[in-house]
Amino acid sequence: MHTNDEAPAGAARDAVPVDVVGRAMRLLVLVGEHPHGITLSELARESGVPVSTSHRLVNSLCREGLVEFEPSGKRYRPGLRLFQLGQRAGQAYGFTGTALPVMRRVTRQTEEATLLSVLDGTRHLYVHYVDGPLPVGVRSEPGRHGPLHCTSMGKVLMAFAPDDVRADLLARVDLTPYGPNSITDRAVLREAVLLARERGYATADEEHHAGLRAVAVPVLRPDGALHAALSTAAPAFRRSVDDLVAMVPVLGAAAAELGARLPA
């Protein structure tokens, strides 16, 4: 099972940058969103950058080690230099050294996957993931985006965002139905987000993917500002929503520790 979600190929993007750096960054982001590789024609189509320009710029990224070219499949994929930079960014935010030990402890207690996300525009970004010990579980990849309206972490991130940010998100977040129980009504979403703020946690019952349930709590800084969302996710056949809600105290204690220890 997977929790990942990406904008579909060909989805509308912002206007194509006119400057070289902006175009190169758009190509780099696209390569990063396709860890198993993406062809030159796909890069050009998804970025809106002409093939000849895409070819020149992505080869420049290859020379810097940010992108690697796979000759057998004629695909570009993230390079080791990009991985190194990502690791350094994770250290800077405290996610690797501080968050992972706490998340591993949560997984030992729940025997399910533990995930950490931050708000990134109108989506959330998975920044860390700890696999559960059971044979069938939830998989995720740090660096991927997920929707806000149909995930427990997305609802929590909206619920505990500043008032103006929350109001803006509730007004314009995408309501694509990903799972059988996805919220597609803006009024219903607003009620769910307000309930999450009142309870201090949010659940998702087969809303992002069929057969997947999750619960999430906010990670708040000492001043009460939102930092991230911490979640436990599990297959629906193994955990009921009530089972996951019973894990909220474990998640809450971990979130309080992270809120105090993660860099501001």
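This is a predicted model: local features need pLDDT of at least 70, side-chain atom pairs count only at pLDDT 80 or more; totals for chains, interfaces and linings use all residues.
Residues are numbered from 1 along each chain as its sequence is written, and side-chain values use heavy atoms, with hydrogens and water left out.

Okay, salt bridges, meaning a side-chain nitrogen of Lys or Arg within 4 Å of a carboxyl oxygen of Asp or Glu. The whole structure has 11 of them.

Take K155 and E207, whose closest N and O atoms are 2.9 Å apart. K155 sits in helix α6 and E207 in the loop between β6 and β7, so this pair ties together parts that are 52 residues apart in sequence. (Helices are DSSP runs of H or I, at least four residues, and strands are runs of E, at least two, numbered from the N terminus.) K155 is buried at 5% relative accessible area; buried is under 20%, exposed over 50%, partly exposed in between, with a 1.4 Å probe and protein chains only. E207 is buried too, at 8%.

Now D163 and R166, bridged at 2.7 Å, N to O. Both are in helix α7, 3 residues apart, about one turn of the helix. Here D163 is exposed at 54%, while R166 is buried at 11%.

Last stop, T232: is this residue buried or exposed? Buried, at 0% relative accessibility, and its place is in strand β8, residues 226-235.
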